[in-house]
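Biologist: I am new to this structure. Please take me through its salt bridges and its cavities.

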Amino acid sequence: MNSVDFYQLEKPILELKERIDKLEGSDDPRKKDKIQALREEISRLWEEIVPQLTAKHIVQLARHPQRPYTLDYIQALVEDFIELHGDRRFADDPAIVAGLGFYKGRTVAFIGHQKGRTTRERIARNFGQPNPEGYRKALRIMKLAEKFHFPVVTFIDTPGAYPGIGAEERGQAEAIATNLREIAKLKVPIVNIVIGEGGSGGALAIGVGDIMFMLEYSFYSVISPEGCAAILWKDQSAVDKAAENLKLTARDLLALGIIDKIIPEPPGGAHIDPEQTFRQVDRHLAPALKKLEEMPIEELLLARHRKFRKMGVFSLK
Amino acid sequence: MTNLWTRCNNCQRILYKQDIIDNLYVCPLCNFHFRVEARERVAMLLDPGSYTFIDENIYPEDPLGFEDSLPYSARLRENQEKTSLADAIISAVGTIGGIPVVMAVMEFNFMGGSMGSVVGEKVTRVAERALVEKIPLIIISCSGGARMQEGALSLMQLMKTSSALAKLDEAGIPYISILTDPTTGGVTASFAMLGDVNIAEPGALIGFAGPRVIEQTIKEKLPKGFQRAEFLLAHGMLDDVVHRKNLRSYLIRLLRLFLNRYEK
Ligand SMILES: [Zn+2]
C-alpha cells in the first residue's frame, strides 16, 4: 500500500508560504511581524508532519520542483561567478554547470548538476541527466582547479546519468569511471553537497571527494526507488517499500558512515525558505573548505583514499 | 533432451555438450561465446598448477536488512549454495605464460555478478596486491552492475575500486580489463573501463544503462548490435575484441610488451 504523497502533506505549508511571498512584496507596515508569525505557523505544522515522513516522502521532497538548484546556490553564495562551458571533445552539456567564482574572497571551482525550472529549460537541461560530455567537462574544470590550486565544490542533484544511445556511443561508463579515478588523485580539496537527488553513478561521478554533506531532505541511492521496485518487486506500486529498503536518506547515509554531515533544512524543506537554506549551506561549507585547505596535500590525498578504502560491510570467516 | 545435449543460444542448433566444453564454451558452429564460470576462467587462462585462490574468507553481510520477495540474507545463502562461492567474485595469484599476475574473475551465477561490499573489497585487494608485489593485474568482469540490496554501500564500491586502481595507475603497474557478457552498470562505470588495455569477448553486451532502460527512455527500437563488443570497438571504447580461443595467448603477448620482456 502506498502512503499519501508529500505534495498532499505540504499543502497547508505551501499556502502559508504563498502568504509570506505576497507580504514580502507588499508595503504592509506590519509585514515583518506578520511574516514572523506565518513562519512560526509553518514550524508548528512542520513539527506535526516530520514524524510521518517516509523514505518515499523524502524522495519527493528531494525532487520538489521548487527546490533550489545548483545555480541558485551559486548565485546566493558566490561572487563574480563565471560559467565555463564544454568538454573540448564533443559538446557542452547543460545538465552540468561548472565555473569559477569567489567564495569568501577566494577563487573556488564550482560544479553541479543543473535541472530546469520551466518546461523548456527542463528539456534543455535534460532533466539534470548528464551525457558523457557533462562528466568530461566536470573533469576538465577539476583539472583546471588543480592546476591553479583552487578547491572544488560540487552540488549533486540528478536522477542519474542519461540512458540514451548517444550517451552509450560516447562512453557514459568510461566517462564516469575516469572521473572516479581522477578524483582519487586530484591534488586540491573537494567538498560535495547533495542538494536534491543523488542518482547512482551519475551522481557519484561528480559526487565524491574529501568531505560530503547532504541536505536533510536529499537522498543518495544506488538506484531510483522506481527502478528498484520494477526490478526486485516487479511492481511499480512497491516504490514505498523500495525506498524504505534502500536506506537512501541523509540519516541512513550518515549512520552507514558514507557521508560526513547533514545540513539542516528549514521547516517545510529547502524550497519553503531558500535564504535560510543558503545560510545553512554557507555555515557548513566555509569551515569545511578552511579545514581542508590547511591540510598538506599528501595528507589530504591519503585521508581521501582511506575514507573510501574502508567503505563496505563484510565479514572475515 | 538429456543433459548430454544443449541448444546454442545463438544459432539454435542442438550441440553435444562436451564439444562445447572442449571448445572453451564456444559454439563450434557459430562462435557464440557461452558464459563461463569464474573458476573455469582461471583454469583456462593461468598456467596449470601455478595458481592459488586468495581472499576466500571474505563473506557478505546484510547491512541494510534488505528484504524484497526474500530477505537479502536468505538470497545470499541461496546463491552461496548454488555456486559454492562466498560472493560474486574470486581472485587468484599465479602465472600466465610464466609471468606472475594477480587475477580477479566475476561470477554471473551469483546474483547476476552484482557488486556489493565483497566484490568491492576483493577488487581493491587484488589491486593492492598487484601494487605491493609489482605484478600485473587482470580482472574479468561479468556483471549486471551494483547490488541493490546493499544500497549506497554498493554505489561507494565504484569509488573504492577506482581509488585503488588510481594507485596502480600512478605506480605504472599494468592492469588489463577483460569485459565479458554482460558487463553493465556500476562495474562498467568503475574498474571494468579503467584498464590500461580494455578488451572484450565477441558479442559481449557492454554498457552503462541496460538496453531495456534505454528503450523505455527513448521509446525507440535500438540499432542492431547496439552495446555489443564490436559496437564498442567501433566507437573507440575498447582496444580489441578477442576470441576466447586466442585470449590466453593474447594476454601473454600483451603482458610481455608491457613488461618489456622480449623473448625469442
Ligand atoms: Zn551456435
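Predicted model: local features only at pLDDT ≥ 70, side-chain atom pairs only at ≥ 80, totals over all residues.

Biologist: How many salt bridges does a search of the whole structure find?

Modeller: A salt bridge is a side-chain nitrogen of Lys or Arg within 4 Å of a carboxyl oxygen of Asp or Glu. Over all chains, the search gives 43.

Biologist: Which residue forms a salt bridge with Arg39(A)?

Modeller: The closest N and O atoms of the pair are 3.7 Å apart. Arg39(A) sits in helix α3 (residues 31–49) of chain A, and its partner lies 234 residues away, in the loop between β8 (261–263) and α14 (274–293). Helices (H or I, at least four residues) and strands (E, at least two) are DSSP runs, numbered from the N terminus. The partner is Asp273(A).

Biologist: Is Asp273(A) buried or exposed?

Modeller: Buried means under 20% relative accessible area, exposed over 50%, and partly exposed in between (1.4 Å probe, protein chains only). Arg39(A) has 22%, so Arg39(A) is partly exposed. Asp273(A) has 10%, so Asp273(A) is buried.

Biologist: Which residue forms a salt bridge with Lys56(A)?

Modeller: Here the closest N and O atoms are 3.5 Å apart. Lys56(A) is in helix α4 (residues 55–62) and its partner is in helix α12 (residues 239–246), 184 residues apart.

Biologist: Which residue does the side chain of Glu197(A) meet in a salt bridge?

Modeller: The N to O distance is 2.7 Å. Glu197(A) lies in strand β5 (residues 190–199) and its partner in the loop between β3 (106–113) and α6 (119–124), so the pair ties together parts that are 82 residues apart in sequence. The partner is Lys115(A).

Biologist: Which residue of chain A is linked with Asp55(B) in a network of salt bridges?

Modeller: The network includes Glu121(B), Arg125(B), Glu128(B) and Lys160(B). From chain A comes Arg309(A).

Biologist: How many cavities of 30 Å³ or more does the structure hold?

Modeller: On a 1 Å grid over the protein atoms alone, a cavity is a set of points where a 1.4 Å probe fits but cannot get out; lining residues have an atom within 4 Å of a point. Grid points are joined across faces, edges and corners, and a volume is the space filled by probe spheres set on the points. The structure holds 3.

Biologist: Which element gives the most to the lining of the largest cavity?

Modeller: This cavity holds about 80 Å³ of space. Among the residues closest to its centre are Glu168(A), Ala173(A) and Leu232(B). Helix α9 (172–185) of chain A and α7 (229–234) of chain B each supply at least two lining residues. With 3 residues, the most comes from α9(A).

Biologist: How many charged residues does the lining of the second largest cavity have?

Modeller: Its volume is about 60 Å³, and its lining includes Arg181(A), Asp169(B) and Asp196(B). Asp, Glu, Lys and Arg count as charged; Ala, Val, Leu, Ile, Met, Phe, Trp, Tyr, Cys and Pro as nonpolar; the others, Gly among them, as polar. Nonpolar residues number 5 and there are no polar ones, while the charged residues number 3.

Notes. Residues numbered from 1 in each chain as written. Chains lettered and ligands numbered in written order. Heavy atoms only, no water. 1 Å grid on protein atoms, 1.4 Å probe; cavity = no way out; pocket = protein on both sides within 12 Å on 5 of 7 lines; lining within 4 Å.
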